[in-house]
Amino acid sequence: MRSTHRTTSGRVAAILAGAAATALVLTGCSSGGTASTGGGDGKVSGSITLQTWALTPTYTDYLNGVVKAFEKKYPDAQVKLVDQPGDGYADKVLSQASSNSLPDVINLPPDIALPLAKRGFLQDVAKDDSTLSSTYVKGSLTAYDYKGVDGTFGYPWYLNTDIDYWNKTMFTKCGLDPASPPKTTDELFSQAETMHQKCPDDYLMSRKPGLSDFSLAGVKILNADGTKFTFANSSKAADLITKYAKAYKEGLMPSSVLNTDYLGNSTLFTQGKVAWTTGGATAISDFEKNNPSLKGNIIVSPALDNPPLYVQGLSVSAKSKHIATAEALAAFMTNAENQEAFAHLVNIFPSTKSSQSDPFFSKDDGTVQAKARVLANEALKTAKNLNPVEANSAMTDFLDQQIALAMKGGVSPEKALQTAQDKMNTLLANG
């Protein structure tokens with residue numbers, strides 16, 4: 001199944017701009033707003049298509065079961081299930097939108113839904129469902145509320161977040177208390193310095209900062225209508241890069257962090273070369289599988305400062321002939337009962353508030369694995385989308401390069417941020 005992290009490319013928005021111009025003229029919709037529900041009669045009836053993303057054949061039985069239950073509840077409705085492969089999904093959705101053939105209900109993460117919503121291809125589901133805010137975790141619903149566009153353009157389906165993993169042996173050996181790992185970024189830097197003093201060849205930190213770190217530092221990433229990046233305007237962003245650059249210069253993190261062949265902190269943690277990484281609630285199983293010496297040697301804690309939120313959802317085509325049926329299916333698939341059943345099969349969390357009290361997610365049986373799951377479940381109450389969906393991979397890759405250059409001392413943090421912001425704003429304007 002698809003990860004809940006962002007996956008779309010910048011091509012989607014760029015090509016959709018042209019595609020939408022034709023489609024909206026044909027349908028009488030105006031770009032940037034919510035499309036009419038034309039063709040819908042308010043009855044849950046008729047044949048609709050549900051499109052999922054890389055969920056079959058693994059979860060075919062589950063999906064067919066939900067569809068069958070929906071059709072039993074609404075005897076006048078029929079659902080055709082279509083699953084698309086993982087690779088090239090954003091381009092597939094793009095093609096469907098450009099040919100005015102979007103499925104009635106579409107599995108979309110917030111970033112792929114964004115350009116579709118802006119150009120009138122998706123239904124504002126909040127217009128017809130007054131229970132959204134009382135049903136779904138706040139952050140998951142906010143993920144489908146976009147700057148510059150009125151409405152909510154998806155039912156949150158399944159979620160994930162990160163927690164922190166620490167190497168207990170390295171902590172003990174290097175003068176740190178395994179029972180008191182860092183809770184904030186400031187504490188991370190402080191304990192990284194302690195580790196370096198005690199163990200010059202070991203590391204606590206092994207990453208550069210990015211947009212999510214700017215968000216945590218209180219930096220305003222975008223303007224109010226989502227048309228321009230503004231992070232370079234804040235001294236807090238430059239101060240954060242300066243702090244990381246100082247730590248890098250002082251040897252508090254591996255030199256490879258700024259190299260193109262950097263393996264990532266998860267891999268280095270698994271190899272026992274660094275004492276900290278982030279990961280989902282079930283990541284510990286992979287750590288121990290890939291390095292058995294870590295078994296019994298990992299401690300877990302909540303994510304630093306504020307946990308991130310990763311979201312998948314179900315959107316409704318604004319041009320569906322049976323919008324009431326499509327909305328009913330999206331709401332049915334994302335209700336607590338069906339989400340909990342899904343989350344018992346796969347390593348994700350429901351987006352429904354009531355599911356957070358399910359013992360499967362909330363009960364700690366004393367194992368590290370259970371504690372990790374409980375921490376992640378609790379984190380979803382306050383988790384936020386730290387990376388704005390407007391920032392595609394081309395933008396963040398360029399920002400990453402500029403931050404690396406600043407940390408090496410090639411340019412000032414202020415210059416690096418301004419160069420990145422100018423480039424990202426150009427890409428945003430052209431997309």
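1. A residue is called exposed when its relative accessible area is over 50% and buried when that area is under 20%, with partly exposed in between. By that cut-off Asp76 is exposed, because its relative accessible area is 55%. Please keep in mind throughout that this is a predicted model.

2. Asp76 belongs to the loop that runs between H2 and S2. Leaving aside residues up to four places away in sequence, Asp76 touches Val44, Ser45 and Gly46. From the C-alpha atom of Asp76 to that of Gln271, 195 residues apart along the chain, the separation is 56 Å.

3. Helix H2, covering residues 60-73, has 14 residues, and the distance from its first C-alpha to its last is 20 Å, close to the 20 Å expected at 1.5 Å a residue. Its buried residues are Tyr62, Leu63, Val66, Val67 and Phe70. Viewed down the helix axis, the buried residues of H2 fall within an arc of 130°, and so they line one face of the helix. As background, an α-helix has 3.6 residues a turn, so residues three or four places apart point the same way. On the face of H2 turned away from the buried side one finds the exposed residues Asp61, Lys68 and Lys72.

4. The strands S1, S2 and S4 belong to an open sheet of six strands, whose order is S2-S1-S3-S8-S4-S9 and whose pairing is mixed. At its edges are S2 and strand S9 (349-350), each of which pairs on one side only. S1 and S2 are parallel and share eight bridges, and Gln51 has Val82 of S2 as its bridge partner. Helix H4, residues 110-118, lies across S1, strand S3 (105-108) and strand S8 (310-316), and runs at about 130° to S3.

5. Within this sheet, S4 deserves a separate look. Six of the six residues of S4 are buried, so this strand is largely enclosed by the rest of the structure. S4 pairs with S8 in the antiparallel sense over five bridges, and Tyr155 has Leu314 of S8 as its bridge partner. S4 also pairs with S9, again in the antiparallel sense, over two bridges, and here Tyr158 stands opposite Pro350.

6. A further open sheet consists of three strands in the order S6-S5-S7, with antiparallel pairing. Strand S6 (276-279) and strand S7 (298-302) are at the edges and have a single partner strand each, so one side of each is left without a neighbour in the sheet. On average, and with direction ignored, neighbouring strands of this sheet are turned by 30° against each other. Strand S5, residues 163-167, is joined to S6 by four bridges in the antiparallel sense, with Ile163 opposite Gly279.

7. Ser285 is part of helix H12, which covers residues 283-290. Because its relative accessibility is 39%, Ser285 counts as partly exposed. The C-alpha atoms of Ser285 and Lys295, 10 residues apart along the chain, are separated by 9.0 Å.

Key
Residues are numbered from 1 along each chain as its sequence is written. This is a predicted model: local features need pLDDT of at least 70, side-chain atom pairs count only at pLDDT 80 or more; totals for chains, interfaces and linings use all residues. Side-chain values use heavy atoms; hydrogens and water are left out. The expected span of a helix is 1.5 Å times one less than its number of residues. Buried means under 20% relative accessible area, exposed over 50%, partly exposed in between (1.4 Å probe, protein chains only). The arc is that of the directions from the helix axis to the C-beta atoms. Two strands pair if DSSP finds at least two bridges between them. Axes are lines fitted to C-alpha atoms, for helices over the stretch in contact, and angles run from 0 to 180 degrees between N-to-C directions. Contact means heavy atoms within 4.5 Å.
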